[in-house]
Amino acid sequence: MSALLSRWREVLVGVVLGLLGWETARLLPESWYLMFEGALVAWIGAVYIGFGLLSGRRSAVIEVVGGVVMLFLAVAGTSWASWVLTLALVLHAGWDLAHHEGRISKAVPRWYPSFCAAADLVLAGLFWASRPRL
């Protein structure tokens with residue numbers, strides 16, 4: 001936990017960008033809202049695929065599998081049950097935390113997991129709270 005607190009700048013940037021992402025969604029027509037959220041979940045998962053491919057190691061397989069899981073959750077959330085999108089963001093925050101200090105892949109910048117976990121949790125909470133019906 002102290003490692004997270006020492007990265008307060010990254011967390012702050014993640015919170016601000018999470019708020020910006022949510023505000024962007026609110027500017028869109030209501031009919032686009034769920035698709036935007038699903039696309040955001042898929043994109044967030046795809047970032048780690050890039051890190052995995054940069055590593056060129058066994059961690060690439062782990063990262064690709066994680067990204068594909070996020071893609072499937074995004075599709076399920078937009079086509080079946082919107083709460084899956086919130087679950088995907090919370091799970092991704094856990095994925096971020098598992099990457100601290102290069103535990104899964106050395107290709108992930110040290111600042112990125114703290115930033116992304118903060119953005120994921122802010123987005124999860126705001127999307128969940130603003131969802132018209134579940």
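This is a predicted model: local features need pLDDT of at least 70, side-chain atom pairs count only at pLDDT 80 or more; totals for chains, interfaces and linings use all residues.
Q: Why is Arg 7 called buried?
A: Check its number against the cut-off. Arg 7 has 11% relative accessibility, and buried means under 20%, so Arg 7 counts as buried.

Q: What about Glu 10, buried or exposed?
A: Its relative accessible area is 18%, and the limit for buried is under 20%. Glu 10 therefore counts as buried.

Q: What makes the pair Arg 7 and Glu 10 a salt bridge?
A: Look at the distance from N to O, which is 3.9 Å here. As background, side chains of opposite charge can pair when their charged atoms come close.

Q: Why are Glu 23 and Arg 26 called partly exposed?
A: Glu 23 has a relative accessible area of 36%, and Arg 26 comes in at 49% relative accessibility. Buried would need under 20% and exposed over 50%, so Glu 23 counts as partly exposed, and so does Arg 26.

Q: Which residues have the most contacts inside the largest nonpolar core?
A: They are Val 41, Ile 44, Leu 89, Tyr 112, Leu 123 and Phe 127, out of 24 residues in that core. Helices H2, H3, H4, H5 and H6 each supply at least two residues, and H3 gives the most, with seven.

Q: What does Ile 44 touch, leaving out residues up to four places away in sequence?
A: Ile 44 touches Leu 89, His 92, Cys 116, Asp 120 and Leu 123.

Q: What makes the lining of the largest pocket mostly nonpolar?
A: Go by the classes: eleven residues are nonpolar, two are polar and one is charged. The pocket holds about 260 Å³ of space. Of the 14 lining residues, the closest to its centre are Leu 17, Trp 43, Ile 44, Phe 115 and Ala 119. H2, H3 and H6 each give two or more residues to the lining, and H6 gives the most, with six.

How values were computed. Residues are numbered from 1 along each chain as its sequence is written. Side-chain values use heavy atoms; hydrogens and water are left out. A nonpolar core is a set of buried Ala, Val, Leu, Ile, Met, Phe, Trp, Tyr and Cys residues joined through side-chain atoms within 4.5 Å. Buried means under 20% relative accessible area, exposed over 50%, partly exposed in between (1.4 Å probe, protein chains only). Helices (H or I, at least four residues) and strands (E, at least two) are DSSP runs, numbered from the N terminus. Contact means heavy atoms within 4.5 Å. On a 1 Å grid over the protein atoms alone, a cavity is a set of points where a 1.4 Å probe fits but cannot get out, and a pocket is an open set with protein on both sides within 12 Å along at least five of seven lines; lining residues have an atom within 4 Å of a point. Grid points are joined across faces, edges and corners, and a volume is the space filled by probe spheres set on the points. Ala, Val, Leu, Ile, Met, Phe, Trp, Tyr, Cys and Pro count as nonpolar, Asp, Glu, Lys and Arg as charged, and the others, Gly among them, as polar. A salt bridge is a side-chain nitrogen of Lys or Arg within 4 Å of a carboxyl oxygen of Asp or Glu.
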